[in-house]
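Dear colleague,

Please find below the structure that I promised to pass on to you, followed by my notes on it. I would be grateful if you could read the notes with the structure open beside them.

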Amino acid sequence: MANTPIDTLLSRRSVKLVGAPGPTDEQIESALAAVVRAPDHAKLRVWQFVLIKQPDILAVGEKAIEILAELGRPMPEDKQASTRAWLADVPLLVGLAHKIHHDHPKVPEVEQTLSMGAGVMNFQNAMHAMGFTSYWSTGLATFTEEMPEYLGFDTLEDQFVGFLAVGTPKNAVTPAERPDPWSIARHWQAQ
Ligand SMILES: Cc1cc2nc3c(=O)[nH]c(=O)nc-3n(C[C@H](O)[C@H](O)[C@H](O)COP(=O)(O)O)c2cc1C
């Protein structure tokens, strides 16, 4: 039986260990087309996606290790090894940032960040719908000035929010355990 759109949404889960094949540029374009359909107050178009392929993905990993060492927060040796092994097989890494419209009269920064989050979720769901999986990480020195600068962002104008690793799951994907939907919602009526 064919999957309906809701089946697709309900079967998504994040998978860290991904390998080839990654999405084609055409598939990436489809996922980006989903990003620009995220809710966007005042049409600020805050989304900034940086597409990184091999061997540059490995260079990002090395840079993260270098940045953290220079900041006096060195990545432990075993974590360095697992990070290198993880990144070596990732076919597409996406740097994620959003433009900051400072003191916007109608759209506070939290709304801009929420629009970015909605855009990233659309990208993840689109990739899942095309048979790929993705994993959002705020490791790899995300919350430093140096990593966003390395990727060409301006830390005063852009808020960097991490990376998506995108590809094909290396292992069988089992359904994730999820909360009861009614545990997060309640009806409300005026008294
Ligand atoms: C903004 C953001 C940053 C995240 N950063 C990390 C991270 O650095 N490391 C990690 O293990 N999971 C991180 N996660 C969680 C994973 O991306 C993923 O959502 C989690 O493993 C649960 O999988 P699920 O998406 O299938 O529920 C992050 C999630 C979000 C929304």
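Ala141 is located in the loop that runs between β4 and α6 (146–150), where helices (H or I, at least four residues) and strands (E, at least two) are DSSP runs, numbered from the N terminus. Although Ala141 is not a glycine, its phi is positive, at about 60 degrees. Ala141 counts as buried because it has 24 C-beta neighbours inside 10 Å; a residue is called buried if 20 or more other C-beta atoms lie within 10 Å of its own, exposed if 12 or fewer, and partly exposed in between, with C-beta atoms placed from the backbone.

Please bear in mind that this is a predicted model, in which local features need pLDDT of at least 70 and side-chain atom pairs count only at pLDDT 80 or more, while totals for chains, interfaces and linings use all residues. Residues are numbered from 1 along each chain as its sequence is written.

A positive phi is also found at Asp103, again not a glycine, with a value of about 50 degrees. Asp103 sits in the loop between β3 (92–99) and α5, and it is exposed because 7 other C-beta atoms lie within 10 Å. For context, most residues other than glycine have a negative phi, and most peptide bonds are trans. Pro21 belongs to the loop between β1 (18–19) and α2, whereas Pro55 belongs to the loop between β2 (47–52) and α3.

Turning to helix α2, its residues Ile28, Ala31 and Val35 are buried. They lie on the same side of α2 because they cover an arc of only 60 degrees around the axis, the arc being that of the directions from the helix axis to the C-beta atoms. The buried residues of α2 pack against β2 and α5, and the face turned away from that buried side carries the exposed residues Glu26, Glu29 and Ala33.

How do α2 and α5 meet, and at roughly what angle do their axes cross? The axes of α2 (residues 25–35) and α5 (residues 109–129) come within 7 Å and cross at roughly 145 degrees; axes are lines fitted to C-alpha atoms, for helices over the stretch in contact, and angles run from 0 to 180 degrees between N-to-C directions. On the α2 side, Ser30, Ala31, Ala34 and Val35 meet Gly119, Asn122, Phe123, Ala126 and Met127 of α5, contact meaning that C-beta atoms, placed from the backbone, lie within 7 Å. By class, this contact of α2 with α5 has 6 nonpolar, 3 polar and no charged residues.

Lastly, the ligand is surrounded by Arg13, Ser14, Tyr135, Trp136, Ser137, Thr138, Gly139, Gly162 and Ala176, counting residues whose C-beta atom, placed from the backbone, lies within 6 Å of it. Strand β4 (residues 133–137) gives the most to this shell, with 3 residues. The shell divides into 3 nonpolar, 5 polar and 1 charged, where Ala, Val, Leu, Ile, Met, Phe, Trp, Tyr, Cys and Pro count as nonpolar, Asp, Glu, Lys and Arg as charged, and the others, Gly among them, as polar.

With best wishes

Notes. Two residues are in contact if their C-beta atoms, placed from the backbone, lie within 7 Å.
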